[in-house]
Amino acid sequence: MGGNMALLFAKHGIAVSLNDPSEEAMDQVLATAKKDGLQDRLQKHSFYEGLCKSLGSPKVFVFSLPHGTVGDSVVDGLHTHLAKGDIIIDASNENWQNTQRRQGKLVPQGVYYIGMGVSGGYQAARRGPSMCPGGEERALDIVMPLLRKVAAKDSQGNPCVAKAGTGGSGHYIKMIHNGIEHGMMSALAEAWQIMNLGLLMSYDEIAAAFDRWNEDGELRSTFLVGIGADICRKKDDQGRHVLSIVEDKVVQDVDGTEGTGIWSQLEAVRLHVPAPSLTTAHFIRLASAFRADRQRVKEAFGGQFPVQEWGEAKGDKGLVLESLRKAVYATFLASFVEGINIIDQADQEHRWNIDYSAVIQIWRNGCIIKADYITEMLAEIFSEPHADLDLLHNKRVAQELKKTVPALQEVVLKGVEHNAIVPSLSATLEFLKYSTNTILPTQFYEAQMDYFGKHMFDLKSEPAGKPETGKHHFEWKLA
């Protein structure tokens, strides 16, 4: 990622000084630069002293590193070479708390530390990613012209980078972006398996369906749908569909290479934000990682629950595919709603002054959750003064979700009947049901809590009030 970003800056006429513990890695970047005619814009430095002397003032550093202590080591190594006004841009998938800690550590030295979420994968890092920088206003003002030059551009030519907010907001928003991404990816994967195993569609037929979804309607110009078609079509040099040999294991959360999915779920729980489309997607990722354990469980059960053919759908496959499309859209939109709710609660807690119109602009292109229909709608909503950030309160979003409920019900019902694995799609349906319902089974739940723990309850005759301890207790059974 870092090497591709170095080449991206060089491509836009910016002189780049490279530093990496691996000489081989730097030489590979320089070889690519030479191939692309950019060799005069990059030079490598094996030590921090030479690196820092090659830079002007203020010095601007950009690094992309594994999350955790590696960033601390780099900051400590640069420490003696830094001067007041220098800027460090951390373009890693770093934990926002580490970002804020480093920002505080560098304050006495007068050095700015910007936490910048970068999205789009390693390909986008080369051609122009979506970027979400957060930090001190003064530092952001200095680097924004540079970032606007290299960022992805939307359909109108506007850069998909903006000042997200102060503190660790840039990395926080990228963390939640990845949580949204996981909800979307799971929904599309669930639909893919229904098409493949339930409707007996070939990979090429599924690719064609994804193409249609991506051309028009609520899923138009959606990055994940677009690459989904490409994934279904791609063949190796033996003529096999590459997808057919890919194991069903997502291990990045377990092997430590990816932390944002875990952190986003923890934040949802910590901030008391219901985000089932996101959290359920995470749970299936975790289950998938332990394939050997799943094999043992299968043996203990004496078999599995295989996805069955949706035989009754043969005559109206087009209608089933349309319901699937709407169900996927519902989960995509619900993932945005849930993610923005998490960001809003964190923003209230940390006072980052997040600009939500800027966030939507960042997500317009170059990122994994690019979804034109959704971001155009959200951009319009957030352009209104004092917009309600709980999007379920917004009538347009509510109507968009409401119209998908019959499709969600159909897909989930048939999924249950035919053993389809639909965690995120079904979680989205439940989310809409309990979010709109004022008669929940938690009435009984609350009574149980009061029975054994004297946890108190509110009365139906009282106003709804805030989520605070009730004032009433009933002595259900004498002690």
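Tutor: Gladly; we will go from the overall fold to cysteines, aromatic rings and a surface patch. Keep in mind that this is a predicted model.

Student: Let's start with the fold. How many helices and strands does the protein have?

Tutor: The secondary structure comprises 20 helices and six strands. The C-alpha trace spans about 75 × 65 × 50 Å along its principal axes.

Student: What share of the residues counts as buried?

Tutor: Of the 479 residues, 47% count as buried.

Student: On to the cysteines. How many disulfides does the structure hold?

Tutor: The structure holds zero disulfides. Take Cys367: the nearest cysteine sulfur belongs to Cys160 and is 7.3 Å away. A disulfide needs the two sulfur atoms within 2.5 Å, and Cys367 is in no disulfide.

Student: Is Cys367 buried or exposed?

Tutor: Cys367 is buried, because its relative accessible area is 1% and the cut-off for buried is under 20%. Cys232 also counts as buried, with 2% relative accessibility.

Student: Now the aromatic rings. What describes a pair of them?

Tutor: A pair of aromatic rings is described by the distance of the centres and the angle of the planes. Here the count comes to 13 aromatic pairs. One of them joins Phe210 and Trp213, with 5.4 Å from centre to centre and 55° between the planes, and this pair is tilted.

Student: Where do Phe210 and Trp213 lie?

Tutor: Both lie in helix α9 (residues 203–215), three residues apart, which is about one turn of the helix. Phe210 counts as buried at 2% relative accessibility, and Trp213 counts as buried at 6%.

Student: Which residues form an aromatic cluster?

Tutor: Trp96, Tyr172 and Trp352 form one aromatic cluster.

Student: How do I classify Tyr451, with its relative accessible area of 48%?

Tutor: Buried means under 20% and exposed means over 50%, with partly exposed in between. Tyr451 is therefore partly exposed at 48%.

Key. Residues numbered from 1 in each chain as written. Predicted model: local features only at pLDDT ≥ 70, side-chain atom pairs only at ≥ 80, totals over all residues. Heavy atoms only, no water. Buried < 20%, exposed > 50% of the residue type's maximum accessible area, 1.4 Å probe, protein only. Phe/Tyr/Trp six-rings, centres within 6.5 Å; stacked < 30°, edge-to-face > 60°. Helix = DSSP H or I, 4+ residues; strand = E, 2+ residues; numbered from the N terminus.
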